[in-house]
Amino acid sequence: FPKESGLNLKQFNPTAITVARALVAARWLVLLWMVGVVVVSSERDAIEHPLVSWMCVAAVAVVAAWTTWAVRSAPVRLFTTGFLLVEATLAIGLSIVDGWVFEPGHVFEVSQSLATQYPLIAVVSIGLARGPIVAGAFGLLMGPAEWAGAVLNEFDGWSARHVVSLVATSLFYAAAGAVFGWQAQLLRQAEVDIADRRARDDVARVLHDTVLQTLALVERRTADS
């Protein structure tokens, strides 16, 4: 791997690539859902800044298209620090901008969020590449991001349940990142152990065959002598 990537062989394996492909599909699904949210909300005149909302959709579309190319031609790019920073920034940005693009009163309601499930995709992506600690720390930022979105949405009816909701959001994403990062580490370790065992079996089989051939050759030459 390139030295600047900060990656090692254990991070770049079939398990990681399989999950990365699943995340690419999930990004496209989130993109379609975002388009539906913007279209429906626009028809209901619930969006105050439609241009910004479509710019957010375009940003997700660019990331989805780039990851589709990367997972086919250069999967290692999906595990670099640069891409993970883009993923994290986009997830936090969508959560914050959600409160600004909609009309006041949007937050803490049952209406769909502009970010939809993209923050969860970002948490999984970071957990896959950097493990449970980094993913869990990132997940804690989602509560403050939604608080910023509420401020931009001019929400002023704060109560204990709203604070609890934000704290629960942070804890949920932190737990999701930690659990998935931990599971990814376990899968990678299991994959490495299986590969090591297969390598030892291959070496033992080669040595066994070589010893048998050598003994057969010695026996034949001894008989000829």
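Is tryptophan 158 buried, partly exposed or exposed, and what is its relative accessibility? I looked this up and found 33% relative accessibility, so tryptophan 158 counts as partly exposed, where buried means under 20% relative accessible area, exposed over 50% and partly exposed in between (1.4 Å probe, protein chains only).

I note that this is a predicted model, in which local features need pLDDT of at least 70, side-chain atom pairs count only at pLDDT 80 or more, and totals for chains, interfaces and linings use all residues. Residues are numbered from 1 along each chain as its sequence is written, and side-chain values use heavy atoms, with hydrogens and water left out.

Next I searched the whole structure for aromatic pairs and found six; rings of Phe, Tyr and Trp (its six-membered ring) pair if their centres lie within 6.5 Å, and planes under 30 degrees apart count as stacked, over 60 as edge-to-face and the rest as tilted.

One of them is the stacked pair of tryptophan 66 and phenylalanine 83, with 5.3 Å centre to centre and 25° between the planes. I placed tryptophan 66 in helix H2 (residues 50-73) and phenylalanine 83 in helix H3 (residues 81-101), 17 residues apart, helices being DSSP runs (H or I, at least four residues) numbered from the N terminus. Phenylalanine 83 is buried at 8%, whereas tryptophan 66 is partly exposed at 32%.

I then returned to tryptophan 158, which forms an edge-to-face pair with phenylalanine 108, at 5.7 Å centre to centre and 80° between the planes. Both residues lie in loops, phenylalanine 108 between H3 and helix H4 (118-130) and tryptophan 158 between helix H6 (142-152) and helix H7 (160-224), so the pair ties together parts 50 residues apart in sequence.

How values were computed. Helices (H or I, at least four residues) and strands (E, at least two) are DSSP runs, numbered from the N terminus.
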